[in-house]
Amino acid sequence: LLWRGVPPMLRSAVWLRCTGAQALRSALPGYYDVISAKASHCVPPGVAAEIEKDLLRTYPNHPHFSGVDSPGVAALRAVLMSFALHCPRVGYCQALNYVAAMLLVATALDEESSFWLLSCIAEQSAPEFYTHDMTGITAHQERFGELLEAILPHLAAHLDRVGMPLSFVTTNWFMTLFANSLPSETVMRVWDVLFLDGPLVLSLVGVALMKFGAAEVMAAQNMPEVAQHLSALGSHEWDADALLAAACFKGADKHQRALLTKMRKQNRAALVAARRT
């Protein structure tokens with residue numbers, strides 16, 4: 001059902017339930033109010049300065065975030081500062097601003113819901129993506145490369161031939177969970193599935209985007225041209241149904257199906273383990 005999309009009016013409640021954020025919120029009533037009140041004087045000054053610097057860089061064309069006095073800016077500051085205090089192992093890194101801002105849009109600027117969702121994302125949907133050593137991103141990029149080579153071997157070989165590392169595009173894709181690469185409604189459709197099925201969804205969507213743009217990327221014969229095409233992938237993907245249908249890879253061959261099955265089992269086991277902690 002979630003692959004077909006959650007109605008916008010239900011999205012916040014469904015996300016809270018799927019991620020376990022609602023259970024945490026119910027188990028710790030009043031926690032967000034306490035930590036948000038403490039954040040302004042407990043978050044390290046350097047972290048607070050980084051957050052402040054990124055506030056007006058985040059979706060500057062969106063009415064919620066377009067200026068200092070826009071309603072979303074104060075909410076975004078509060079969520080990011082509270083998260084930095086709540087999870088000092090991560091603190092703050094660029095990309096969290098886009099994720100938190102998209103959560104605020106989806107929850108109608110509900111700070112507490114966005115805070116708990118962000119916490120669950122960092123611990124379950126994108127584990128170890130935002131720590132200083134970024135081990136989660138590195139491991140996920142390796143799995144993505146394996147999947148791309150199996151599904152689109154000619155494209156993978158072409159990227160290798162021109163010397164283009166996959167990390168050029170995938171680091172931004174995965175750290176922002178596509179929040180600044182896809183149209184906002186498409187992002188939310190991807191997140192509908194991500195919050196239920198876990199981080200493998202990011203790789204499946206990434207390979208689907210590569211498939212959609214394969215002809216243009218293959219036609220580019222040097223790194224600057226390839227980089228230009230890769231950077232544009234997703235920006236006009238308004239048809240979320242088509243993107244998610246492509247991400248299912250129903251026409252995969254035997255070898256591809258075996259790899260997808262293995263990855264889905266690993267993904268499910270990791271997601272179950274994360275939700276137990």
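**Helix H12 in its setting**

Analyst: Helix H12 is largely enclosed by the rest of the structure, because 11 of its 13 residues are buried. Buried means under 20% relative accessible area, with a 1.4 Å probe and protein chains only. The buried residues are Leu200, Val201, Leu202, Ser203, Leu204, Val205, Gly206, Val207, Ala208, Leu209 and Met210. H12 covers residues 200-212. From first C-alpha to last it reaches 19 Å, close to the expected 18 Å. That expectation is 1.5 Å times one less than the number of residues. Helices here are DSSP runs (H or I, at least four residues), numbered from the N terminus.

The model is predicted: local features need pLDDT of at least 70, side-chain atom pairs count only at pLDDT 80 or more, and totals for chains, interfaces and linings use all residues. Residues are numbered from 1 along each chain as its sequence is written, and side-chain values use heavy atoms, leaving out hydrogens and water.

Now the whole. The protein has 16 helices and zero strands; a strand would be a DSSP E run of at least two residues. Of its 277 residues, 51% count as buried. The C-alpha atoms fill a box of roughly 55 × 35 × 35 Å along the principal axes. The radius of gyration is 19 Å, which agrees with the value near 19 Å for a compact globule of 277 residues. It is taken over C-alpha atoms, and the globule rule is 2.2 Å times the number of residues to the power 0.38. Among contacts between residues at least 6 apart in sequence, 75% join residues at least 24 apart. Contact means heavy atoms within 4.5 Å.

Note on methods. Buried means under 20% relative accessible area, exposed over 50%, partly exposed in between (1.4 Å probe, protein chains only).
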